[in-house]
Amino acid sequence: MSKKHNFSAGPCILPEEVFEKSAEAILDFNGIGLSILEISHRSKDFVPVMDEARAIVKRLMNLNDDYEVLYVGGGASLQFLMVPFNLMKAKNGKAAYLDTGTWAAGAIKEAKKLGTVDVVGSSKAENYSHIPKDYTVGNEYDYYHCTSNNTIYGTQMKTFPKVDTLLICDMSSDIFSRQIDFSQFDVIYAGAQKNMGPAGVTMVVVKKEILGKTGRDIPSYLDYSLHIAKESMFNTPPVFPVYATLLTLQHLEKNGGIAAAEKRNEAKAELLYHEIDRNPLFETFCSKEDRSLMNVSFKLLDESKKEAFDAAWKEAGINGLNGHRSLGGYRASLYNALPIESVQVLVDVMVGFN
C-alpha cells in the first residue's frame with residue numbers, strides 16, 4: 001500500500017528515515033540485542049541519546065550555555081501550569097497573556113489559578129481570525145506569554161513584541177519551521193507531536209538565570225530547576241519519544257537546518273494559498289497578513305459541494321484534511337516533513353474540482 005499524503009495537525013508526519021531508524025531501534029537498538037523500549041533510561045546506551053537530544057536543540061537554535069533544554073512529559077498543556085509556577089511571584093504575582101486561540105486560552109485559564117492574569121490582546125471576538133498587534137506590555141508583569149502559531153485557526157505571529165519583562169512562547173506547532181532569534185525568549189516550550197517527533201514528550205528551553213525568584217513553593221515535578229539538576233531524568237523520561245525526536249532533529253540538521261526548512265515551508269504555503277486565493281470555491285478563515293506557514297485552515301464557500309470534495313481528496317490518497325471540530329472546514333498542516341509533492345496533489349484536486 002502506498003503512503004498517503006498526511007496533512008494531519010498532530011500527531012503529524014515525520015521523515016521516512018525517522019520511521020525506519022525508529023523501527024530498527026524497537027527491534028534492536030544499536031545492535032545491543034535489546035529494544036529501545038526496554039532499556040534503562042540510565043544505561044550507557046540511552047544517556048547519550050538524551051544528552052544529544054538536548055544539545056542539538058541549542059545548536060539548531062544557536063543558543064549558548066545560558067539556556068538549558070529539558071524533555072518532560074505531560075504535553076504542552078502541563079507547561080500552561082509549569083510556566084506560572086516557576087515564573088509568577090507567590091505574592092502579588094501578575095502576568096500578561098496574548099489570547100490568539102484555543103491553546104492560548106488554555107494557558108490563560110491555568111495561569112489564573114496562581115495569580116493575576118491580564119489579557120493584553122485578544123482576537124476571540126473575531127473568532128481568532130487575526131493576531132492582535134495594538135497592545136503594550138508594561139514592566140509590572142512577571143512575564144509575557146504568547147503562542148507563536150495557532151494550529152486550529154491558521155494564524156501565526158510574524159514578529160514578537162519587545163517587552164520589559166520575561167518573554168515566554170508556546171511554539172508547539174511551528175517549532176524549527178522558520179528562522180527566529182531564539183535568544184530573545186526566556187522560555188520556549190513545544191509539544192513534540194506537532195513538528196519535531198511523536199506524541200509523549202515536550203521540549204522546554206529555559207534561561208537558567210530567571211529561575212528561583214518567585215518565593216513560591218513549587219511541587220517537585222513542576223520545578224524547572226529540579227529537572228535541570230536531574231538532566232531531564234527526575235523521573236523515567238519518555239524514552240522512545242525522546243529518541244524519535246532526536247532522529248527528527250538530526251534529519252533537520254543534516255538537511256540544511258532551520259534556514260533550509262523555512263524555504264521549503266514558504267514554498268509549500270505559497271503553493272496552497274495561491275490556489276485558495278485563485279479558486280472562487282475556497283476561502284481561508286484568517287487575515288492574509290497573519291496566515292500560518294504551518295497550518296492552512298480554509299473552507300468551502302458552497303457547503304453543498306462538501307460531500308463531493310471530500311470524496312475527491314480522499315480518492316487522491318490525502319489524509320487528515322478535516323478542520324478542527326471547533327472551527328470546521330479544512331486544515332492542511334504543512335509541517336517540515338511534508339513534501340511539496342503532497343501539497344501539489346491537494347492543489348491538483350482543488351484545481352480539478354468544480
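Buried, in this talk, means under 20% relative accessible area, exposed means over 50%, and partly exposed lies in between, with a 1.4 Å probe and protein chains only. The structure before you is a predicted model, in which local features need pLDDT of at least 70, side-chain atom pairs count only at pLDDT 80 or more, and totals for chains, interfaces and linings use all residues. Residues are numbered from 1 along each chain as its sequence is written, and side-chain values use heavy atoms, with hydrogens and water left out.

I begin with helix H4, residues 102-111. Helices (H or I, at least four residues) and strands (E, at least two) are DSSP runs, numbered from the N terminus. The buried residues of H4 are Ala104, Gly106, Ala107, Ile108, Glu110 and Ala111. What covers them? The cover includes helix H3 (75-87) and strands S3 (94-99), S4 (116-122), S5 (143-147) and S9 (187-191), where contact means heavy atoms within 4.5 Å.

Next, the backbone. Most residues other than glycine have a negative phi, and most peptide bonds are trans. The peptide bond from Gly10 to Pro11, however, is cis, with omega near -5°. Pro11 lies in the loop between strand S1 (5-6) and helix H1 (16-27). Phe176, in the loop between strand S8 (166-170) and S9, has a positive phi, near 65°. Phe176 counts as buried, at 2% relative accessibility. Ser232 also has a positive phi, of about 65°, although it is not a glycine. Ser232 is found in the loop between helix H5 (224-229) and helix H6 (239-254), and at 2% relative accessibility this serine counts as buried.

I turn to the cysteines. How many disulfides are there? With a disulfide defined as a pair of cysteine sulfur atoms within 2.5 Å, the count comes to 0. The sulfur of Cys146 is 3.8 Å from the closest cysteine sulfur, that of Cys169, which is too far for a bond. For Cys12 the closest cysteine sulfur is also in Cys169, at 18 Å, again too far. Both residues count as buried: Cys146 at 0% relative accessibility and Cys12 at 10%.

Finally, the charged pairs. A salt bridge here is a side-chain nitrogen of Lys or Arg within 4 Å of a carboxyl oxygen of Asp or Glu. A search of the whole structure finds 19 of them.

Asp290 lies in the loop between strand S11 (282-284) and strand S12 (295-300), and Lys133 in the loop between S4 and S5, so the pair ties together parts that are 157 residues apart in sequence. Is Asp290 buried or exposed? Asp290 counts as buried, at 2% relative accessibility, whereas Lys133 is partly exposed, at 48%.

The side chains of Asp277 and Arg291 form another bridge, at 2.8 Å, N to O. This pair links distant parts of the chain, with Asp277 in helix H7 (residues 257-278) and Arg291 in the loop between S11 and S12, 14 residues apart. Asp277 is partly exposed, with a relative accessible area of 40%, and Arg291 is buried, with 10%.

A further bridge joins Asp310 and Lys306, at 3.1 Å, N to O. The two are 4 residues apart in helix H8 (residues 306-315), so about one helical turn separates them. Asp310 counts as buried at 12% relative accessibility, while Lys306 is partly exposed, at 30%. Salt bridges that share partners also join Glu17, Lys21 and Lys254 into one network.
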